[in-house]
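Try each task before you read its solution.

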Protein chains: 4
Amino acid sequence: MQKNRLEALTDGIYAIIITIMVLELRVPHDPTIESYIDMWPVFASYAVSFLFVGLNWASHHHLFHTVTKVSNSVLWINMLNLFILSLVPFATATMGENSFKAITVTIYGSLLTISIVVYLILVNLLCRTHGANSAFSQQFKGHKKTYLSIVLNSIAIVISMIGFPKIAFSLLVVISLAWFIPNHVFEES
Amino acid sequence: MQKNRLEALTDGIYAIIITIMVLELRVPHDPTIESYIDMWPVFASYAVSFLFVGLNWASHHHLFHTVTKVSNSVLWINMLNLFILSLVPFATATMGENSFKAITVTIYGSLLTISIVVYLILVNLLCRTHGANSAFSQQFKGHKKTYLSIVLNSIAIVISMIGFPKIAFSLLVVISLAWFIPNHVFEES
Amino acid sequence: MQKNRLEALTDGIYAIIITIMVLELRVPHDPTIESYIDMWPVFASYAVSFLFVGLNWASHHHLFHTVTKVSNSVLWINMLNLFILSLVPFATATMGENSFKAITVTIYGSLLTISIVVYLILVNLLCRTHGANSAFSQQFKGHKKTYLSIVLNSIAIVISMIGFPKIAFSLLVVISLAWFIPNHVFEES
Amino acid sequence: MQKNRLEALTDGIYAIIITIMVLELRVPHDPTIESYIDMWPVFASYAVSFLFVGLNWASHHHLFHTVTKVSNSVLWINMLNLFILSLVPFATATMGENSFKAITVTIYGSLLTISIVVYLILVNLLCRTHGANSAFSQQFKGHKKTYLSIVLNSIAIVISMIGFPKIAFSLLVVISLAWFIPNHVFEES
């Protein structure tokens, strides 16, 4: 199996997921400065989801750059990854239009967490496909940052469930931004 | 004719078909746990269509990987395949928003069946283009799994028409999942 | 300038234009067989536009396959071509939802005609870029089929303006289908 | 890091941004010539945004054609560029549907200006990545046209804020059209 066409479909789906979210920014009728300011939950939700999907794509890009073998299982875990991500626009819009109501943030946080777990499964599957001693596995084994994200995201979900959704959302933002810290900072600690 | 650009357009259209379906997940206003649970027909319809279009793409990917010649007829049967698939988001949304009403499942099942028939025509055309003794034809001739899908899908359509749409939909799901069973299991039986 | 990336953007835009039209197929609420039958103008409009954009892409694909030089003017005439085509979903939906009302067919026919004219300009520009004696110009010079389409489309526009929009639409369909007749049939006559 | 896949995602996102704007052209119910004419602010907004995003893509295309090295910072400034551009469909639709109301033109102009500034940051970052004496930096250093656009766009924003939004919009159109004048005209003056 070729990895090229899998990358092409995957990039197409990432590009569409990241862009159709903007369709949920509903045009205000007879807008005033206040009407734009009132839309801040919608804009903030959009910006964070753009960041999250972008980070996810960047990780995928690094991962597949090193990949040399693609199996049928890899194809389908990759599809599962895209399926989970394809629900992000829906969860984002629900959260934005309901001003971070607790249940919407809980579902949004859960979706991001599931997405990281599926990504972890994809990495592990690729490590197994390439062999434990392959260059691929040497580079991608160990995921302190990934495990830490899952734990912190779970805490955010709980914080939202017990009634502090805006704090939970802020935590989700911080966790996403932390992905810009290079891997080795986490590995060496 | 080059197969690269045909693959590029085809992948683009697959990526869009699979992703725009998510736009039909309408944002609930002032959502509660119940409002999400009540949306299950919409989510289930989306998930099954994502799976079906994904399977279709995976088959197309395997097929064109082996293809060495693309004629004008291949281009247009491929377009017909994409046209039929492009109606899936509409049929999916109609079925989901009307909670599996019989007529919507009948139409959904018919669309999936037509799509498999068109795919079969595409395979046969490619076999003829490459010659009966080509490596291509050796690999793709015989389609027990495909013919079985068409028969079982037709049964599902009848079950829906006589008034059991949810059973029909479940059968469509099972048939799709059966595509994960490797070809040779069917061929050797 | 590379032709690859221009092809990539162009294919992306074609794929999106051809697919987003399906978003205009509005989901019927509590559908019956009659409600699907009543939607025939919407389906017919969609099918014809899918065919037209598909034909346009196929021509573009043949054209750029032979292209060896891309100038800045080619880039922008290509963009103009995509701009005109990007209005097709709007014209299609307006025509479908208003059951072929005369003004909507007139505008739809005009758009298709403008699109063929822009395509002709693109071909002529490419012929000039490659030189009159180039392999490119030998293959693409002379456009009896194209000129005939423009004349017949113009007749369809007039037929629609004087109050027979459904006849005009049928003529547009026939003209599109005639593109499947190979070029040399027209050239030799 | 490969530049190919970054280009692929970027082209996908450009293609979608440029095309989904057309979804904001709402189908008139029972249309007359007048109803089309009344839509002119929507069409004009769409046409100008298509031109602006197209120009932006053409610049990006020239830029990355010459790029030889892509760093992580380049990836993320490129993402920021796409994020800003992804808001253009929203700003376009708001401006079109509110017939160039002052606040909508102010926000539209601001978005275009921010987008040019981000593009400038991207160019400077790429110049630093390639080294001041590289072929890349020789070709792209100095941006009289870019700086001039930022200044003139800012004037347009002020004109809109003090209550002449249609004049401001016309100025934005003129500035965009000026990008068709080759670079060296500005450099030599």
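**Exercise 1. Find how many residues chain A and chain B each give to their contact, and which helices of chain A take part.**

Step 1. Chain A brings 24 residues to the contact and chain B brings 24 residues; two residues are in contact if their C-beta atoms, placed from the backbone, lie within 7 Å. The model is predicted: local features need pLDDT of at least 70, side-chain atom pairs count only at pLDDT 80 or more, and totals for chains, interfaces and linings use all residues. Residues are numbered from 1 along each chain as its sequence is written, while chains are lettered from A and ligands numbered from 1 in the order in which they are written.

Step 2. On the side of chain A that touches chain B, at least two residues each come from α1 (3–20), α4, α5 (88–97) and α6 (102–130). Helices here are DSSP runs (H or I, at least four residues), numbered from the N terminus.

Step 3. α1(A) gives the largest share of this side, eight residues.

Step 4. Sorted by class, this side of chain A holds 15 nonpolar, six polar and three charged residues. Ala, Val, Leu, Ile, Met, Phe, Trp, Tyr, Cys and Pro count as nonpolar, Asp, Glu, Lys and Arg as charged, and the others, Gly among them, as polar.

**Exercise 2. Work out which rotation axis relates chain A and chain B.**

Step 1. The copies use different surfaces, as 17% of the contact residues of chain A recur in chain B.

**Exercise 3. Decide whether I77(A) is buried, exposed or partly exposed, and name its contacts.**

Step 1. Locate I77(A) in helix α4 (residues 72–86) of chain A.

Step 2. I77(A) has 19 C-beta neighbours inside 10 Å, so I77(A) counts as partly exposed. The cut-offs are 20 or more other C-beta atoms within 10 Å for buried, 12 or fewer for exposed, and partly exposed in between.

Step 3. Beyond its neighbours within four places in sequence, I77(A) is in contact with V118(A), I121(A), L122(A) and L125(A).

How values were computed:
Copies are superposed by least squares on the C-alpha atoms of residues with pLDDT of at least 70 in both.
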